[in-house]
Amino acid sequence: MKSIGRCRAHTNIALIKYWGKRNEELFLPMNSSLSLTLDAFYTDTEVTLDSTLDSDIFFLDNVKQGDKETAKITNFLNLFRNRANIETKACIKSYNHVPTAAGLASSASAFSALAGATNQATGLNLDLKTLSTLARQGSGSATRSIYGGFVEWYMGESDLSESSFAIPVDDATWDIGMIVIAVNTGRKKLSSRVGMKQTIDTSPFYSSWVETATKDIEKIKKAISEKDFITLGEITESNGMKMHATMLGAFPPISYWEPDSVKAIQKVREIRDMGLPCYVTMDAGPNVKVLCKKSDMNEIENKLLEDFTRDQIIPSGVGEGIKLLSQDEWNY
């Protein structure tokens, strides 16, 4: 007997960053964060519960994954199987339309899509809030990819898993865009998980980061409610740079930047000085994201092409929340 679920989820880029857990097992963050879901990058996932299988099987981009990768997926699926009171094994097929482990939030779309597909396959029909608490336990940022537009990940007030979840803030349909400058889309050498722990354990700047991040999220939500793009961009850029400053203060120091990362930041500031409002943010990777007005994207792209190649410049509009896919929409 088989039961199938298929789901698409888009990546999100944090404007107020998540960097560090207060509970590693449950993926409970040190501070609340806020993101923008993007339509340019996404993951499609199919989960087939099959009573004839003896163990879970996991394919990523048509490549069968090893025991370590599959074990992580099994642990995640068990969150749903336990709720459904079943033990049926699954065949998981996932297709990433985003570079993996390059600081472009591939894990966010991956576990959000896996949550949506498993929810359908098990017939649990959990609501989005509950799905966000479960997606978080696969990858922290996945909790935000359940929704589209601007999304807040509420840190919670205790060590209870159910206390931390994502909340939609605004649909971001008011002239918002983002351009990714793909400096290097290869797999990063230091994972976000390791980088976070090292920063928390050794950086003297970390406590100030948590304190100011709490203030930043209230300021940025006010800017969003007032559709104040300049303030939105200024807070985004400041918050991202503060996060990377905590890493530089770690022992040994951590830097995900490459020479072209600095080149991209300088170029964006040059464009801004010309009168086009645009602001940078970076996650745990060398790629630079440029928050801008959608109406200015073409002009900003043309100026970026003076220093970067066409395949390095990836424009994106605002992405939607998770979407179940019909068999006809499953083009694999």
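Select Thr 43 and Asn 96: their side chains are joined by a polar contact of 2.5 Å. The model is a predicted one, and the distance is computed from its atoms.

Stay on Thr 43, which sits in strand 4. Is Thr 43 buried or exposed? It is buried, because its relative accessible area is 0%. To see what surrounds it, show the residues that touch Thr 43 beyond four places in sequence: Cys 7, Arg 8, Ala 9, Ser 94, Tyr 95, Asn 96, Val 98, Ser 106, Ser 109, Ala 110 and Ala 113.

**The whole protein**

Zoom out and colour by secondary structure. The protein has 8 helices and 14 strands. Its C-alpha trace spans about 60 × 45 × 40 Å along the principal axes. A compact globule of 332 residues would have a radius of gyration near 20 Å, and the protein has 19 Å, which agrees. Of the 332 residues, 56% are buried. Taking contacts between residues at least 6 apart in sequence, 77% join residues at least 24 apart.

**The largest nonpolar core**

In soluble globular proteins, nonpolar side chains tend to be buried together. Here, select Val 47, Ile 73, Phe 80, Ile 92 and Leu 114, which touch the most other members of the 25-residue largest nonpolar core. At least two residues of this core come from each of strand 4 (33-50), strand 5 (57-60), helix 1 (67-84), strand 7 (90-97), helix 2 (106-122) and helix 3 (128-135). Which element gives the most to this core? Helix 2 does, with 5 residues.

Now centre on Ile 73. Beyond four places in sequence, Ile 73 is in contact with Phe 58, Ile 92, Phe 111 and Leu 114.

A second core is separate and has 24 residues; to find it, select Ile 13, Phe 41, Ile 217 and Ile 235, which are among its members.

**Helix 2**

Select residues 106-122, the span of helix 2. Its 17 residues reach 24 Å from first C-alpha to last, close to the 24 Å expected at 1.5 Å a residue. Helix 2 is largely enclosed by the rest of the structure, because 14 of its 17 residues are buried. Step past its end to Gly 123, where phi is positive, near 70°.

**Helix 5**

Move to residues 206-225, which form helix 5. This helix has 20 residues and reaches 29 Å between its first and last C-alpha, close to the 28 Å expected at 1.5 Å a residue. Show the side chains of its buried residues: Tyr 206, Trp 209, Val 210, Ala 213, Asp 216, Ile 217, Ile 220, Ala 223 and Ile 224. An α-helix has 3.6 residues a turn, so residues three or four places apart point the same way.

What covers the buried residues of helix 5? The cover includes strand 1 (2-16), strand 4, strand 8 (150-154), strand 9 (165-170), helix 4 (192-202) and helix 6 (229-248). Just after helix 5, look at Lys 227, which takes a positive phi of about 50°.

**Backbone stops**

Most residues other than glycine have a negative phi, and most peptide bonds are trans. The next stops are exceptions.

Select Asp 61 and Asn 62, both in the loop between strand 5 and strand 6 (63-64). Asp 61 has a positive phi near 50°, and Asn 62 has a positive phi of about 70°. Asp 61 counts as partly exposed because its relative accessible area is 35%. Asn 62, at 60% relative accessibility, counts as exposed.

Then select Phe 251 and Pro 252. A cis peptide bond joins them, with omega about -5°. Pro 252 belongs to the loop between helix 6 and helix 7 (259-273).

**Last stop: Ile 314**

Finish at Ile 314, in strand 13 (residues 313-316). With a relative accessibility of 23%, Ile 314 counts as partly exposed. Beyond four places in sequence, Ile 314 is in contact with Ala 40, Phe 41, Met 178, Ile 179, Val 180 and Ala 182. Of these, Phe 41 was included in the second core.

Definitions and conventions:
Residues are numbered from 1 along each chain as its sequence is written. This is a predicted model: local features need pLDDT of at least 70, side-chain atom pairs count only at pLDDT 80 or more; totals for chains, interfaces and linings use all residues. Side-chain values use heavy atoms; hydrogens and water are left out. A nonpolar core is a set of buried Ala, Val, Leu, Ile, Met, Phe, Trp, Tyr and Cys residues joined through side-chain atoms within 4.5 Å. Buried means under 20% relative accessible area, exposed over 50%, partly exposed in between (1.4 Å probe, protein chains only). Helices (H or I, at least four residues) and strands (E, at least two) are DSSP runs, numbered from the N terminus. Contact means heavy atoms within 4.5 Å. The expected span of a helix is 1.5 Å times one less than its number of residues. The radius of gyration is taken over C-alpha atoms; the globule rule is 2.2 Å times the number of residues to the power 0.38. A polar contact is a pair of N or O atoms within 3.5 Å; within protein, one must be able to donate a hydrogen and the other to accept it, and residues adjacent in sequence count only if both atoms are side-chain atoms.
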